[in-house]
Amino acid sequence: MLGARPGSLLGECPGEREQAEAPRGEPQQDGTQDAPAGRLGQADRGSPGDGNSLAHPRGVATGALQVTPPAADAHADSHYHARMPYEPRKIEPKWQQFWIRERTFRAEIDPSRPKAYILDMFPYPSGDGLHVGHPKGYVATDVYARYKRLRGFNVLHPMGWDAFGLPAEQHAVRTGQHPRETTRRNIARFREQLQALGLSYDWEREVDTTDPSYVRWTQWIFERLYDRGLAYQAEVPVNWCPELGTVLANEEVSDGKSEIGGHPVERIPMVQWMLRITAYADRLLEDLDELDWPEHIKKMQRDWIGRSEGARVRFGVHGSDASIEVFTTRPDTLFGATYMVLAPEHPLVSEIVTEAQADAVRSYRESAGRKSERARIADTESKTGAFTGAYAINPVNGAELPIWIADYVLISYGTGAIMAVPAHDERDYAFATRFELPIIEVVAAGDITAAPFSGEGTSVNSDFLDGLPSAQAKSRILDWLEAEGKGERAVSYKLRDWLFSRQRYWGEPFPVLRHPDGSLELVPESDLPVCLPELDDFKPTGTFEAPLERCGDWMEATSPTTGTPVRRDANTMPQWAGSCWYYLRFCDPRNTEQAFSKEAERYWMPVDLYVGGAEHAVLHLLYARFWHKVLFDLGLVSTREPFAKLLNQGMIQGKSYRYFAPVEGEPAGGGFSAREVRADGEGFVHARSGAPMKECWVAPSEVRFVNDRPFAPDCDIELEEVIEKMSKSRGNVVNPDDVIREFGADSMRLYEMFIGPLQKAAPWSTDGIPGVYRFLQRAYRLFVDEASDGDRVRELFPEQGTLGQRRLLAQTIDKATRDFEALEFNTAISQLMVFVREIEKDGPLPRSIGESFLCLLSPLAPHLAEELWQLLGHRTSIAHARWPELDESLLVEDEVEIAVQVKGKMRARVSLAPDASQAAALAAALALPNVKRHVGDGEPRRVIYVPGRLLNIVP
């Protein structure tokens with residue numbers, strides 16, 4: 001937290017933090033003090049210091065910012081000395097300190113005003129700090145938040161930290177430093193960088209998921225889930241990493257290895273906490289329709305939920321009492337099933353495998369266990385499997401079907417078993433072709449000798465279904481299965497229940513007590529939060545024991561209901577837990593009696609604009625929606641959905657350079673260029689030998705260019721240039737501190753918004769920053785005469801300006817308003833650049849037009865706008881100003897200038913009334929000497945006229 005020691009999760013939990021009002025300071029009247037603001041001349045105010053450290057904003061709210069200018073009359077023409085020319089390094093820290101000290105962006109409930117809740121997906125504070133790719137979304141929400149304040153909205157714009165997680169714990173393993181300390185340090189670093197960008201967060205609402213006051217309510221929500229039967233324990237296959245000593249989510253595993261550290265991962269069964277998100281599958285699916293989200297994000301969620309209608313069908317196993325249940329969306333193809341496939345992890349495999357096939361099956365299961373589900377799904381080309389030696393009985397015709405195991409069938413999807421109909425499924429077709437299994441056509445419409453046919457048609461080779469169209473065949477076979485007791489209509493989901501426990505230290509402890517008989521009991525609400533014990537050794541034990549098992553005194557507890565000895569749950573919650581509900585805590589972050597009050601939730605919710613990376617398109621958003629719906633059912637929230645509008649900012653990318661080398665343990669060899677390597681699943685192999693390859697990255701500063709081609713610094717391997725996400729491992733990171741130090745935060749803000757449409761990815765180029773920096777210098781010089789002795793503020797005229805100036809302002813207000821509402825900041829910046837270039841052509845800058853321009857500029861370049869606003873003598877911060885009113889009558893032009901072409905070549909421009917006829921336009925054009933010379937004396941053969949834009953004459 002700003003200026004305060006974050007709460008500890010060790011031992012006894014501290015109470016509510018003390019709230020102390022930060023001192024407030026004012027600039028010296030001679031203009032030498034870096035920190036601005038204040039009502040000058042009040043003896044009870046102190047100096048703000050050097051402006052380099054930002055005070056914690058806790059304390060009493062203040063009214064509008066008061067800035068008394070040296071001039072006696074705030075609206076008189078200004079002739080006093082400015083402190084300096086445009087120097088961001090002097091201007092920006094001053095205003096950043098002022099905003100925090102004066103609580104300029106503090107949000108409070110005010111039913112008399114419309115609200116706007118604008119939220120970023122809060123970050124995980126890593127030790128590397130921010131690079132220039134991170135702030136794009138933060139700047140965008142800040143621009144929008146500042147704009148909405150100018151439009152009269154009561155804006156809630158908070159920031160916090162998703163601070164639990166594996167990276168801090170792994171750092172502790174490597175260094176022996178407690179994750180609490182690294183987390184605090186990382187948070188301080190992130191906060192410093194965000195404040196240096198001038199982001200208008202209400203820092204009094206800052207939350208940290210590791211703070212006991214936050215953990216308390218995360219555990220409280222878990223208990224509500226448990227009470228409703230939505231939290232339970234079950235044995236499930238998990239991704240276990242022995243080196244990290246923890247279970248990993250599928251998203252944390254790549255190519256059979258952990259994303260962190262690259263350690264081998266295996267699939268094993270373990271008893272884990274699960275959340276029954278599947279109970280909300282239909283509501284999660286249906287309520288997507290009411291959301292203003294990008295359609296591709298909604299599609300990703302629909303696909304992840306994966307609702308399918310079909311049938312559950314039971315196949316007997318020859319010579320056994322066991323049966324195999326499958327779900328199929330095409331029960332009309334049952335007569336075409338020629339083999340069965342079980343997932344390698346299916347529990348029935350060990351029961352049915354024959355002695356002759358035992359070794360092959362065991363070997364294949366071990367191999368499949370080293371692959372992540374993501375890799376198995378992605379591998380659409382190679383088909384592998386092992387025959388179990390057992391046979392299933394097709395319930396519709398009694399045919400014996402060989403039972404195989406194959407990694408293209410997942411235990412987590414459906415029943416973990418399929419009936420294979422190779423004539424009508426691509427994967428089954430490839431598998432059957434590979435292992436020479438029968439292929440029987442049962443839907444006539446395609447040519448199965450060339451490829452499988454997966455569409456609908458007419459049933460053939462299907463006994464009583466023959467001749468029926470697919471839709472009728474489905475209905476007929478479903479009736480038959482139910483009548484025979486061999487199956488029934490069913491709905492299936494791809495969505496699985498959420499695996500919710502981790503064998504880690506740095507996470508929220510479960511508020512659960514386990515009795516010797518295995519029964520569970522929740523920790524009473526009055527005893528929450530359950531805080532982590534002190535632990536110095538975070539290294540994995542090499543067993544499945546969680547780190548908390550080492551803390552014997554902490555593990556041993558007494559049941560509050562029976563008074564008998566019990567043990568605590570040794571697992572911790574995943575990092576997702578804290579991010580599932582933080583948006584609600586932001587509504588009421590200092591509440592010690594509730595997670596949030598009904599009054600605060602009803603006023604602020606839902607989030608009006610939620611901005612974050614597309615990598616969270618499914619899991620975080622799905623999990624948060626699930627928790628929100630549970631809280632809605634409990635009557636704790638008033639909206640069915642948490643995020644009304646979602647926007648995914650495009651990534652700012654960097655240039656990376658790579659070559660390839662053999663992986664460790666493979667045959668020795670030199671490096672290889674990208675041309676000599678091909679992708680294979682989630683990895684790479686040498687194109688000729690098939691040897692596994694690894695990527696090797698060269699920092700852009702070390703690349704050797706020969707004839708504009710990139711080469712490794714110490715050998716003749718040509719490098720591949722890759723435009724991709726910035727990453728420290730790639731050496732393509734640009735530090736925002738460096739950019740701010742050279743050009744200022746306003747320049748960086750403008751560049752990130754100007755680089756392209758907000759939703760589109762764009763490569764970073766430091767070469768583009770000087771352009772926006774020069775624009776800000778030109779904007780500064782509209783108001784300050786740097787060439788004069790002492791850098792005086794220009795004389796701004798009291799008149800309303802010329803018609804051309806007023807019309808330019810109206811066009812700029814209109815364009816900026818529409819662009820800000822649409823979050824199209826790049827085109828708004830373009831219009832502001834046009835304004836600066838054109839405004840003084842018709843005369844000196846009028847005060848009213850200059851002030852309107854500063855209001856339009858202030859969301860994008862707030863430091864510069866505040867500085868100039870103060871220099872103009874205003875007593876209130878520009879953050880409390882109002883968006884300029886648009887005079888729509890000025891948008892209707894008396895004349896428009898159109899291009900005149902002769903045979904498609906530009907020859908002149910002519911001014912006409914907007915509704916001028918073709919005849920009038922032609923007459924005006926032919927009166928121009930350059931047009932007449934190229935047209936000649938004859939009548940034009942053809943005239944092409946686009947009113948208001950173009951006249952093309954063909955002689």
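The protein contains 26 helices and 39 strands. Helices here are DSSP runs of H or I with at least four residues, strands are runs of E with at least two, and both are numbered from the N terminus. This is a predicted model, in which local features need pLDDT of at least 70 and side-chain atom pairs count only at pLDDT 80 or more, while totals for chains, interfaces and linings use all residues. Residues are numbered from 1 along each chain as its sequence is written, and side-chain values use heavy atoms, with hydrogens and water left out.

Let me turn to the overall figures. Of the 955 residues, 53% count as buried; buried means under 20% relative accessible area, exposed means over 50%, and partly exposed lies in between, with a 1.4 Å probe and protein chains only. The accessible surface comes to about 40600 Å², and carbon and sulfur atoms account for 48% of that surface. These areas come from the Shrake-Rupley method with a 1.4 Å probe, and for residues only the protein chains shown count as cover. Among contacts (heavy atoms within 4.5 Å) between residues at least 6 apart in sequence, 72% join residues at least 24 apart.

I begin the details with helix α7, which spans residues 295-305. Which residues of α7 are buried? They are Ile-297, Lys-298, Gln-301 and Ile-305. Seen down the axis of α7, these buried residues fall within an arc of 100 degrees, so they line one face of the helix; the arc is that of the directions from the helix axis to the C-beta atoms. The buried residues of α7 pack against α6 (281-286), β10 (307-317), β18 (487-493), α17 (619-633) and β25 (646-647). After α7 comes Gly-306, with a positive phi near 60 degrees.

In an open sheet of four strands, the order is β21-β20-β23-β22 and the pairing is antiparallel; two strands pair if DSSP finds at least two bridges between them. The edges are β21 (520-522) and β22 (556-558), each with a single partner strand, so one side of each is left without a neighbour in the sheet. On average, neighbouring strands of this sheet are turned by 45 degrees against each other, direction ignored. Axes are lines fitted to C-alpha atoms, for helices over the stretch in contact, and angles run from 0 to 180 degrees between N-to-C directions. Within the sheet, β20 (residues 512-514) and β23 (residues 565-568) run antiparallel and are joined by two bridges. Leu-513 stands opposite Arg-568 in β23.

Another open sheet of four strands has the order β37-β36-β39-β38, and here the pairing is mixed. Its edge strands, β37 (905-912) and β38 (942-946), each pair on one side only. From one strand to the next, the twist averages 20 degrees. Five bridges connect β38 with β39 (residues 950-954) in the antiparallel sense, and Tyr-945 stands opposite Leu-951 in β39. Helix α25 (residues 918-926) lies across β36 (896-902), β37, β38 and β39, and runs at about 70 degrees to β39.

I close with charged pairs. How many salt bridges does the structure hold? There are 54, a salt bridge being a side-chain nitrogen of Lys or Arg within 4 Å of a carboxyl oxygen of Asp or Glu.

One of them joins Glu-204 and Arg-106, whose closest N and O atoms are 3.2 Å apart. Glu-204 lies in the loop between α4 (179-196) and β4 (207-208), and Arg-106 in the loop between α1 (88-101) and β1 (115-120), so the pair ties together parts that are 98 residues apart in sequence. Glu-204 counts as buried at 10% relative accessibility, whereas Arg-106, at 28%, counts as partly exposed.

A further salt bridge links Arg-224 and Asp-227, at 2.9 Å from N to O. Both residues lie in helix α5 (residues 212-227), three residues apart, about one turn of the helix. Arg-224 counts as buried, at 14% relative accessibility.

Arg-312 and Glu-325 also form a salt bridge, with closest N and O atoms 3.1 Å apart. Arg-312 lies in strand β10 and Glu-325 in strand β11 (residues 323-328), so this pair ties together parts that are 13 residues apart in sequence. Arg-312 is partly exposed, with a relative accessible area of 25%, and Glu-325 is partly exposed at 30%.

Finally, a network of salt bridges links Asp-287, Glu-290, Arg-625, Lys-629, Arg-640 and Glu-641.
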